Structure formats: structure tokens, C-alpha cells
Amino acid sequence: MRSFSPMIHTRRLFNLCLEWVEFLGLSVVGIATAIAMWNEVGEMWRASRVTLTDLLLMFLFLEVLSMIAQYFRSGQLPVRFPLYIAIVALARYLILDVKELTEWRVLAIAGSILLLTVAVLVIRYGHIRFPYAKDQERAQNPYVDE
């Protein structure tokens with residue numbers, strides 16, 4: 001017979017509440033991103049042209065949606081996704097404001113992009129070289145569902 005523990009019950013309730021808040025928050029972000037993406041497509045349509053900055057903004061939207069989808073699929077958020085978003089955002093900023101930027105600011109932004117790229121490479125290398133136990137099991141038997 002199991003005994004009732006108020007602390008265990010409270011933790012389960014707290015975790016359930018956090019999961020719902022997380023779900024609602026990610027849903028709001030996903031819907032807002034889709035609306036922003038739709039608005040940007042409308043702007044491109046009205047302007048009858050597509051610029052590189054428009055494309056980079058669309059990639060930002062897609063990365064955010066991919067990050068949300070990945071979280072809903074696996075319950076985990078890889079650190080690489082926000083890094084990808086940051087790289088594209090910095091590249092877009094560099095392209096948009098290149099005329100107003102000083103040489104040092106351009107170098108700082110380029111250095112930031114390089115640093116983020118190295119961080120992605122280090123994370124990828126670490127993930128391949130030192131995989132999680134769950135990833136190793138999945139690689140050995142990909143047909144088994146969790």
C-alpha cells in the first residue's frame with residue numbers, strides 16, 4: 001500500500017503546472033511567429049520584390065518554428081537552435097545597417113558570428129564524440145519508440 005506524501009503530490013502538481021505554462025508559452029510564440037511570417041510575406045507581396053534581408057528574416061522565423069517543433073517532438077531544446085538564430089540575426093543586422101556601422105562595429109559583429117559558429121562546432125563535436133546514453137540507444141535501435 002502506498003502512503004500519501006503531500007510533498008510528492010505538490011511536486012507533481014507543480015511540474016504539471018510548469019508543463020502547461022511551457023506549452024502555452026511556446027504555443028503563443030509559435031502563433032506569433034507564424035503571424036509575423038505571414039505579415040512579412042504580405043509586405044514582400046505588396047512591394048513586389050524580395051530582398052536578402054527579407055529572406056534572412058524568413059529564415060529567422062523558420063528557425064524559431066523549428067526550435068518550437070523540436071521541443072514539442074522531443075521535450076528537449078538543443079542549444080544549437082538559439083545559436084543558429086543568433087547567427088542569422090547578426091548577419092541580418094550586419095546587412096541591414098552596414099552603411100551606418102563603423103569598421104570596429106563591423107569587426108565586432110563578424111567576430112561575434114565567428115564565435116557563435118565555433119560554439120556550434122564545439123557543441124556538435126561534443127555531441128558526436130560524447131553522445132548521451134539515450135542517443136546511443138536510439139542510434140543502435142532506431143525503430144524502438146520511447
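Thr33 sits in helix H1 of what is a predicted model. With a relative accessible area of 8%, Thr33 is buried, since the cut-off for that label is under 20%. Setting aside residues up to four places away in sequence, Thr33 touches Phe61, Val64 and Leu65.

The largest nonpolar core has 13 residues, and Met58, Leu60, Phe61 and Ile85 are the ones that touch the most other members. Helix H1 (6–47), helix H2 (52–74) and helix H3 (80–96) each give two or more residues to this core. H2 supplies the largest share, at 8 residues. As for Ile85, once its neighbours within four places in sequence are left out, its contacts are Leu60, Glu63, Val64 and Met67. As a general rule, nonpolar side chains in soluble globular proteins tend to be buried together.

Leu13, Leu16, Trp20, Phe23, Leu24 and Phe72 make a nonpolar surface patch of about 610 Å². H1 is the main giver here, with 5 residues in the patch. Leu24, one of the patch members, is placed in helix H1. Its relative accessibility is 49%, so Leu24 counts as partly exposed; the exposed label would need over 50%. Helix H1 therefore holds both the buried Thr33 and the partly exposed Leu24.

Terms used: Residues are numbered from 1 along each chain as its sequence is written. This is a predicted model: local features need pLDDT of at least 70, side-chain atom pairs count only at pLDDT 80 or more; totals for chains, interfaces and linings use all residues. Side-chain values use heavy atoms; hydrogens and water are left out. A nonpolar core is a set of buried Ala, Val, Leu, Ile, Met, Phe, Trp, Tyr and Cys residues joined through side-chain atoms within 4.5 Å. Buried means under 20% relative accessible area, exposed over 50%, partly exposed in between (1.4 Å probe, protein chains only). Helices (H or I, at least four residues) and strands (E, at least two) are DSSP runs, numbered from the N terminus. Contact means heavy atoms within 4.5 Å. Patches are made of residues with over 30% relative accessible area and no salt bridge: like charges are joined within 9 Å, nonpolar side chains (Val, Leu, Ile, Met, Phe, Trp, Tyr) within 5 Å. Accessible areas come from the Shrake-Rupley method with a 1.4 Å probe; for residues, only the protein chains shown count as cover. A salt bridge is a side-chain nitrogen of Lys or Arg within 4 Å of a carboxyl oxygen of Asp or Glu.
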